[in-house]
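Hi,

I am passing a structure over to you, and I would be glad if you gave it a look when you have a moment.

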Amino acid sequence: MTDPAAAAWHRLAETSVLLDGFHVLKHALRFGAEVPLAVTTDREAALTLAAELAPDVRDTLDALLTEVPEDTYRSFVPRPHPTAVAALAVRPAREANLQKLAHTPRSAPVVVLDNPRNLGNAGAVIRLAAGFGATGVVTTGTLDPWHPTVVRAGAGLHYATAVERLTIDELPSGPVFALDPEGDDIRSLKLPDDAVLAFGSERSGLSTELRARTDHLVALPMRPQVSSYNLATSVAMTLYHWTTGAP
């Protein structure tokens, strides 16, 4: 006899966002994700964890979580999470995200990752952007910003900001500040709230297309002979500078 949870999972999986792990599910719920199905191998342990770390969503999880055998849980996820919690969520409507990205005046920048290659880095950037209250994160190129690995690395905070993949021509309006070693020292610049903050590929930097759209090239302070910073580190430094309002 087919497990009802397994049948529901397989019915929903192809059109849903995988929330892989307790913390991913916790954040998604906090920021309004619609979650039709959540499973765990140990309800009591998951609810105890919620009571300790996220009491604000504990009751929601109590009503939502279904306990399943470990083999069933492992069949749902590519890499089992230590918390043994997984869920499926509805992806935010693209139209709604595009409206958020296009809305002006903006009170916070949009982060653009130009042709990123590393799924984990993309997720870390989305987590940072959500933490800083950025309007959204846009990727160009082939990487899917809603890939399960990106969502896992982003700790479910895709639901706290607008995340979409666009072409260069579709980027939101606003002055483009692109990170480049040849740019002006960021410490000499004020980043406006409506800025589009662009970061090149980890491997090849800014594309020719994005460079042509750029209004200001910006450089982060860096010791000589150090090649580069990690992508997420660069984004964090830039967003922090924006929050300071300097110079």
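This is a predicted model: local features need pLDDT of at least 70, side-chain atom pairs count only at pLDDT 80 or more; totals for chains, interfaces and linings use all residues.

Aromatic pairs

There are two aromatic pairs in the structure. One is formed by Trp9 and Phe76: their ring centres are 4.3 Å apart and their planes meet at 5 degrees, so this pair is stacked. It brings together distant parts of the chain, since Trp9 belongs to helix 1 (residues 4-12) and Phe76 to helix 5 (residues 70-76), 67 residues apart. Trp9 is buried at a relative accessible area of 3%, and Phe76 is buried too, at 8%.

The other pair is Trp146 with Tyr159, whose ring centres lie 5.5 Å apart with the planes at 80 degrees, so it counts as edge-to-face. Here both partners sit in loops: Trp146 between strand 6 (136-139) and helix 8 (148-153), Tyr159 between helix 8 and strand 7 (162-165). Trp146 is buried, with 6% relative accessibility, and Tyr159 is buried as well, with 11%.

Nonpolar cores

The largest nonpolar core has 51 residues, and those touching the most other members are Leu19, Leu25, Val35, Leu61 and Leu113. Beyond its neighbours within four places in sequence, Leu19 is in contact with residues including Val24, Leu25, Val35, Val85, Val151 and Tyr159. A separate core of 15 residues includes Leu12, Val77, Ala86 and Leu88.

Best wishes

How values were computed:
Residues are numbered from 1 along each chain as its sequence is written. Side-chain values use heavy atoms; hydrogens and water are left out. Rings of Phe, Tyr and Trp (its six-membered ring) pair if their centres lie within 6.5 Å; planes under 30 degrees apart count as stacked, over 60 as edge-to-face and the rest as tilted. Helices (H or I, at least four residues) and strands (E, at least two) are DSSP runs, numbered from the N terminus. Buried means under 20% relative accessible area, exposed over 50%, partly exposed in between (1.4 Å probe, protein chains only). A nonpolar core is a set of buried Ala, Val, Leu, Ile, Met, Phe, Trp, Tyr and Cys residues joined through side-chain atoms within 4.5 Å. Contact means heavy atoms within 4.5 Å.
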